[in-house]
Amino acid sequence: MPLPREDCLFCGLVADGEHVHSADGFVAIHDINPVAETHLLVLPQRHVDTFKEVAAFPDDEAARMLRFVSETAKVAGLENYRVLVNVGAGAGQTVFHLHWHVLGGRPDTERIARALAETV
Ligand code: 5GP
Ligand code: ZN
């Protein structure tokens with residue numbers, strides 16, 4: 001597995017964070033600034049900048065990642081949820097270590113409005 005990037009926040013959380021779920025090269029953590037009742041982030045353990053790199057993933061790794069996202073929602077007890085990836089700064093990506101947002105329950109609309117206001 002490639003070395004973690006010393007300057008990467010999420011490489012740090014992979015190595016030393018509170019993991020809600022962990023398996024098969026992936027971890028799930030709570031988002032520090034949740035915009036829904038349940039807001040988890042799924043990260044590959046190895047450093048990958050963005051979703052664009054998924055095109056070069058071996059097929060089995062891409063399949064395992066999707067399975068892990070689905071398992072994470074199940075582990076969190078979510079029946080209904082959204083899965084979202086921001087790809088690139090222009091689309092709202094702020095941390096350049098690939099991550100999937102898993103959002104369940106009531107959205108925190110005030111927080112979403114504040115977050116949107118910060119990006120315009
Ligand atoms: P992005 O905007 O890149 O799609 O998502 C980055 C996410 O990382 C945001 O939802 C933000 O709240 C979350 N985040 C930023 N810093 C930290 C942190 O130190 N710990 C955790 N758990 N989440 C973070
Ligand atoms: Zn990283």
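Predicted model: local features only at pLDDT ≥ 70, side-chain atom pairs only at ≥ 80, totals over all residues.
Four protein side chains hold the zinc ion (ligand 2). Its donors are the SG atoms of Cys8 and Cys11 and the ND1 atoms of His47 and His97. These atoms lie 2.1 to 2.3 Å from the zinc ion. The site is tetrahedral, with angles of 106 to 116 degrees among the 4 donor atoms.

**View 1. The zinc donors come from separate stretches of the sequence, spaced C-x2-C-x35-H-x49-H.** Cys8 and His47 link distant parts of the chain and are 39 residues apart. Cys8 belongs to the segment before helix 1 (9-16), whereas His47 lies in the loop between strand 3 (36-44) and helix 2 (59-75).

**View 2. Both cysteine donors of the zinc ion are shown here.** Cys8 counts as buried at 10% relative accessibility. Cys11 is buried as well, with a relative accessible area of 3%. The structure holds 0 disulfides.

**View 3. A shell of 16 residues surrounds ligand 1.** The closest are His30, Asp31, Asn86, Gly92 and Thr94. Helix 1 gives the most to this shell, with 3 residues. Helix 1 and strand 2 (26-30) each supply at least two residues.

**View 4. Polar atoms of the protein approach ligand 1 at His30, Val95 and His99.** A polar backbone atom of His30 is 2.8 Å from a nitrogen atom of ligand 1. At Val95, a polar backbone atom is 3.1 Å from an oxygen atom of the ligand. The side chain of His99 has an N or O atom 2.9 Å from an oxygen atom of ligand 1. Of the 520 Å² of accessible area that ligand 1 has on its own, the protein covers 80%.

Conventions: Residues numbered from 1 in each chain as written. Chains lettered and ligands numbered in written order. Heavy atoms only, no water. Donors = N, O, S within 2.8 Å, 3.2 Å for Na, K, Ca; no water. Tetrahedral: all angles 85-135°; square planar, octahedral: opposite > 155°, others 65-115°. Helix = DSSP H or I, 4+ residues; strand = E, 2+ residues; numbered from the N terminus. Buried < 20%, exposed > 50% of the residue type's maximum accessible area, 1.4 Å probe, protein only. Disulfide = S-S within 2.5 Å. Near = heavy atom within 4 Å. Polar contact = N/O pair within 3.5 Å; in protein donor to acceptor, adjacent residues only side chain to side chain. Areas by Shrake-Rupley, 256 points an atom, 1.4 Å probe, with all protein chains shown as cover.
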